[in-house]
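Have the structure open while you go through the points.

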Amino acid sequence: MALVVLALISVAIGVYVVSTRTAEDTAELDAKTTRSLGLGDPVENRLDTRFTDADRDGVADVPGQTRDPAVLRLSYLTTDAGVEASAMEPLRAHLAAATGKDVEFVAVVDSKAQLRALALGELDVTGFNTGAVPVAVNVAGFVPVAGPVRADGGEGATYKMVVITPSGSGLSQPADLKGRTLAFTRWGSNSGHKAPLVLLRDEFGLVPPTDYSWVFTYSHRNSMTGVASGALEAAAVASDLLAAAEREGLIKSSDYRVIYESPPFPVAALGYAHDLDPALAEKVRAALLSFSPEGTPASKAMAGAVSMAPVNYKDDFALVRMIDNTMGFTHELPAADTPRQPIASEPAEPAAE
């Protein structure tokens, strides 16, 4: 009963956020969604001009001047929120042992702060969610190395964007979304916003606001609990986060119906700054690929990951890049005059038992 009450409270909060924000930002959201459709405004994102790519792998080459920091700064960001130091202590300790360096965990509050920190040399090793990886590669010199692999669901190192509806909604296919409201999560989310906009348009001709309306819930959890309670008609979410919500008892499989599944996307990517000393970078690469989160707090932070798999950025993120280019989602750092979000270093803590 307590879980049900908590879920209902979460739904109420999520729906309140949706109703208040959409009421305040209707004009802005209309303009953003129109631009994001890519109708006449596609882009061709590429590496920033300050980077080179001699081997044509899409990732910045090692520059002439590199860094060998005495302390490696590590961060990790999930789709919805930052991760506490205690959750990533196993990875911090593993990196320290593999590199012989002191490793400090740095808490980042959002992907914008994470991108700026990496671009400014304030982060050395970090992990981005799927939608942020191409942006980080192009504008901040991120070198993707490894992706989390889960044991459950049969999807391994990938996930799908799924559109879910309440089990009793009567909706059974994407065409049924016509005249309905689809919930997105965040503006920059691959599975929660960008992929459904492009794939539903390209595969089924569904274009908002002509064919369906939309709201933003600002988190996958709000979207999932909103659908489970019947407060939302439909929502686009990540399949791995959906499975995690079921494991945690936040929702039940009987609460919702999947009416669309996308092609697979990489779960996320961990990597390092392109300007690290090559010898150090190689140690970091080996450490990330050999890290085993199974049975540790890091597993939950990585949506149930049990191991890591190599990432081939050029191939694995091709669909993500196509979606960004098609919808006109330009890869750029926030403007120089944009107030920076706080980035606070946290002392390493022992892993919770």
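1. Start with the side chain of Asp324, which makes a polar contact with the side chain of Lys194 at 2.8 Å. Bear in mind that this comes from a predicted model. Asp324 sits in helix H11, residues 318-327. Is Asp324 buried or exposed? Its relative accessibility is 0%, so Asp324 counts as buried.

2. Have a look at what surrounds that residue. Leaving aside residues up to four places away in sequence, Asp324 touches Val43, Asn45, Gly131, Pro134, Lys194, Phe329 and His331.

3. Now zoom out to the whole protein. You will find 11 helices and 12 strands. Of the 353 residues, 51% are buried. Take the contacts with a separation of 6 or more: residues 24 or more positions apart account for 80% of them.

4. Next, a helix pair. How do H2 and H8 cross? The axes of H2 (residues 89-99) and H8 (residues 278-290) come within 9 Å, and the crossing angle is roughly 135°. The two helices are therefore oblique to each other. Their crossing is right-handed.

5. Which residues meet where H2 and H8 touch? From H2 come Leu91, His94, Leu95, Ala98 and Thr99, and they meet Leu280, Lys283, Val284, Ala287, Leu288 and Ser290 of H8. Sorted by type, the residues of this contact are seven nonpolar, three polar and one charged.

6. A few backbone details deserve a second look. Most residues other than glycine have a negative phi, and most peptide bonds are trans. Against that background, check the bond from Pro208 to Pro209: this peptide bond is cis, with omega near 0°. Pro209 lies in the loop between helix H5 (190-204) and strand E7 (213-216).

7. Then there is Arg56, which is not a glycine but has a positive phi of about 60°. You can find Arg56 in the loop between helix H1 (2-36) and strand E1 (71-74). With a relative accessible area of 62%, Arg56 is exposed.

8. Tyr218 also has a positive phi, about 75°, although Tyr218 is not a glycine. Look for Tyr218 in the loop between E7 and helix H6 (220-229). Here the relative accessibility is 18%, so Tyr218 counts as buried, whereas Arg56 is exposed.

How values were computed: Residues numbered from 1 in each chain as written. Predicted model: local features only at pLDDT ≥ 70, side-chain atom pairs only at ≥ 80, totals over all residues. Heavy atoms only, no water. Axes fitted to C-alpha atoms, helices over the stretch in contact; angles between N-to-C directions. Helix = DSSP H or I, 4+ residues; strand = E, 2+ residues; numbered from the N terminus. Parallel < 35°, antiparallel > 145°, perpendicular 65-115°, else oblique. Left-handed = near helix turned anticlockwise from the far one by under 90°. Contact = heavy atoms within 4.5 Å. Nonpolar A, V, L, I, M, F, W, Y, C, P; charged D, E, K, R; others polar. Buried < 20%, exposed > 50% of the residue type's maximum accessible area, 1.4 Å probe, protein only. Polar contact = N/O pair within 3.5 Å; in protein donor to acceptor, adjacent residues only side chain to side chain.
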